[in-house]
Amino acid sequence: MRIRRVLVANRGEIALRIVRAAKSLGLETVLAASVADRGSLAAREADRVVTLGPAPARASYLDANLVVHAAMATGCDALHPGYGFLSERASLARLCEDNGVAFVGPAAASIEAVGDKLAARRLARSAGVPMTPGSAKLASAAEAVAFASEIGFPVVTKASAGGGGRGMVVARDEKALAAGFERASTEAQQAFGDGTLYLERYVERARHVEVQVLGLGDGRVLHFGERDCSMQRRYQKMIEEAPAAAMPDGTRARLHKAAVDLLSSIRYRNAGTVEFLYDVERDAFYFMEVNARIQVEHPVSEMISGVDLVKLQLEVAGGAPPQVDQRDIVPHGHAIEVRILAEDPARGFLPCPGRVTRWRPPHGEGVRLDTAIEEGSVIPPWYDSMIAKLIVHAPDRAHAVGRLRDALDAFAIEGVATNLDLLRAVAAHRDFLDNRLDTRWLETVFLPHYGEPQG
């Protein structure tokens, strides 16, 4: 179907990003906003704004029926969910399908196929994708202990219904697993409405790598290289890079093929990310999960590939095959993204909503800022604390790190606490400069000594 008008069912920088991409394609835009976001930059740039409901997300952005009704009531023939909120809910995609609205994302059946982690593991196994030893769903702590004894400790519990660190407990012995299992299941139940857990062998020194893909819906899947997202706190990404500089080229090629093979097998359509753990010591990668949406960190893939992934999403959703072939996608240079959060690291990363009284972002060659914040903006207390993504690009990693440090030093924000100083300290750390990192580095090496005098 040909798209004419798009409902943007999100907020903040990703909403603004979608509005601008749609307008560049000549499409009309309607922003579905909560009461708190009616005066946002995205609202001012959209052709029209429709109010979803009050500020709390469950009464606005998380109500699928309300969102689809807003699309139909405003004559939209497409709906882009962005990331977060309802973006990976098969129920939203199915509501769109049932009501003749093009969902700018995967088909509902594909979201279901990869949305449940146990189902995704079965799919990966059938596609021949490497996987860590793991269990089926577990009914009890005793069953978990028995399985862990078979594959060997350490192990990690994972929630079948979702990610983001919810339901994850690393256990190095039977006692720790028995003690942590019910806690992990309760956390998963509270986060996803499903407390089902499974086990995987825990990789001690791992990097988190992921492949950006775009499925055309006919079995063809394009990839745009990989990203290294190892810089994490409590399983939440803070810094992302592309490409994964620590990975040998031969392994890189196998990683790309595994991601493409997996999603080709279900005729995947639109943007997605296949996530892997990379065992540095063994030079081996293992399937983790699929994110059936555009990712927060997609800009680093855009910077190295030279494509606009959101535009491609809209084109695929409208039935127009993108005018790009895998042979045309030749990654160049190195890109790094840092997430700027309205949080106070000195107070346990406490969110800090409020009014931004000074906003002086960096500029220059190879510097990009994705944000919906400007001087005078009010950061509301009801949503995620990320207020901007700073992205830099340079010919190689060393120059990209230098450009990142300069950009962070030039960035001035006042009125709310942010993690800018922490990011500056990370970017200056010898381990970061030398790329000696893993998924636990931030929490085990850097944060315990953050704020101490450097000798």
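Reader: Which element gives the largest share of the lining of the largest cavity?
Author: That is β10, with four residues. Strands like this are DSSP runs (E, at least two residues), and helices are runs of H or I with at least four, numbered from the N terminus. This is a predicted model, where local features need pLDDT of at least 70, side-chain atom pairs count only at pLDDT 80 or more, and totals for chains, interfaces and linings use all residues. Residues are numbered from 1 along each chain as its sequence is written, and side-chain values use heavy atoms, with hydrogens and water left out.

Reader: What volume does the largest cavity have?
Author: About 70 Å³. On a 1 Å grid over the protein atoms alone, a cavity is a set of points where a 1.4 Å probe fits but cannot get out, while a pocket is an open set with protein on both sides within 12 Å along at least five of seven lines; lining residues have an atom within 4 Å of a point. Grid points are joined across faces, edges and corners, and the volume is the space filled by probe spheres set on them.

Reader: Which residues line the largest cavity?
Author: Among them are Arg207, Asp228, Met231 and Phe432. The lining divides into five nonpolar, two polar and three charged residues. Here Ala, Val, Leu, Ile, Met, Phe, Trp, Tyr, Cys and Pro count as nonpolar, Asp, Glu, Lys and Arg as charged, and the others, Gly among them, as polar.

Reader: How about the second largest cavity: which domains does its lining draw on?
Author: At least three residues come from each of domain 1 (5-102) and domain 3 (206-449), with bounds from an automatic or database domain assignment. The space is about 40 Å³, and its lining includes His80, Phe103 and Arg293.

Reader: Last one: is Ser305 buried or exposed?
Author: Buried, because its relative accessible area is 9%; buried means under 20%, exposed over 50% and partly exposed in between (1.4 Å probe, protein chains only).
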